[in-house]
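Please look over the sequence and the structure below before reading on.

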Amino acid sequence: MEVNTLEKGKKKRQCVKTNFKTDDNGTGDDSFSNKKLKKHSFGDQQNISFLDAPKCCIWKDIKGENLNLQYTHLYTAEEATCLLNQCEQELTYYEGDLAKVMMFGKSVDIPRKQVAHGSEGLSYTFSGKTLPAQPWTTLLVKIREQITQTTGYSFNFVLINRYKDGKDYMGEHKDDEKDLQSGYPIASLSLGQMRDFVFKHQDSRGKNAKRKIDTVTIQLEHGSLLLMKHPTNSYWYHSLPKRMKALGLRINMTFRMMDKSHCKHVKVS
């Protein structure tokens, strides 16, 4: 792992480079672009036979105080683009009330599209909203099995977020809800536009920060897999901030292990 500390005014952050040319806007000199995506027809079935073959990956360890991450390239640019195209063709995202979250006592639209798939009876409750797991699709099962083969961890749930461009984002949060199996890693697959993924230690947030701990920024590339391992989510907040110069589409899948005994029972529409 190569880590640079970047100075911006009086604030410092660590930028974890992943052998990829980038600028400071989280856009980079990406091998993926919407122009390349348009070369493929969403109406055509993509060749995804590579999902049936074992993957051999080189992992990079990203460590810090209670920060335990691993990063790799799971798919080539061509493979990742095939998966992105297939997702655009197959996935249907929540609408209406399920596309909103509670913020400061008000229901507001989430700044991205979202859907969850998983085993029967599972759901995920966060930000005042409970998302029921839609049934697994063949595509998602194949991706899940390949990630399990690569990481050695099994998963029973995936939360999928679609960011149409750099205006869509995700705010700071920790994945530490009680319906997640305690101490279990989360595997995050990125397809499409490269974006900055920012980690902030809980003791170093805001004006009343207790300590000064450098922010860690990881540039999540097209086809990459980030493994967030214990105890990261107990101490570090993470976010995907706006990047106005990031013009491309991004789809992110976070594979999780849910504790069914803590999942709320909701009907799947």
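Contact here means heavy atoms within 4.5 Å, and helices (H or I, at least four residues) and strands (E, at least two) are DSSP runs, numbered from the N terminus. The model is a predicted one, in which local features need pLDDT of at least 70 and side-chain atom pairs count only at pLDDT 80 or more, while totals for chains, interfaces and linings use all residues. Residues are numbered from 1 along each chain as its sequence is written, and side-chain values use heavy atoms, with hydrogens and water left out.

In helix 3, the residues Leu139, Leu140, Ile143, Arg144, Gln146, Ile147, Thr150 and Thr151 are buried, that is, under 20% relative accessible area, where exposed means over 50% and partly exposed in between (1.4 Å probe, protein chains only). Seen down the axis of helix 3, these buried residues fall within an arc of 165°, so they line one face of the helix, the arc being that of the directions from the helix axis to the C-beta atoms. The buried residues of helix 3 pack against helix 2 (77-90) and several strands, including strand 7 (113-118), strand 10 (157-163) and strand 17 (250-256). Gly152, whose phi is positive, near 85°, follows helix 3.

As for the cysteines, a disulfide is a pair of cysteine sulfur atoms within 2.5 Å, and by this rule the count comes to 0 disulfides. Cys57 is in none, the nearest cysteine sulfur, that of Cys56, being 6.9 Å away. Cys57 is buried, with a relative accessible area of 18%, and Cys263 also counts as buried, at 13% relative accessibility.
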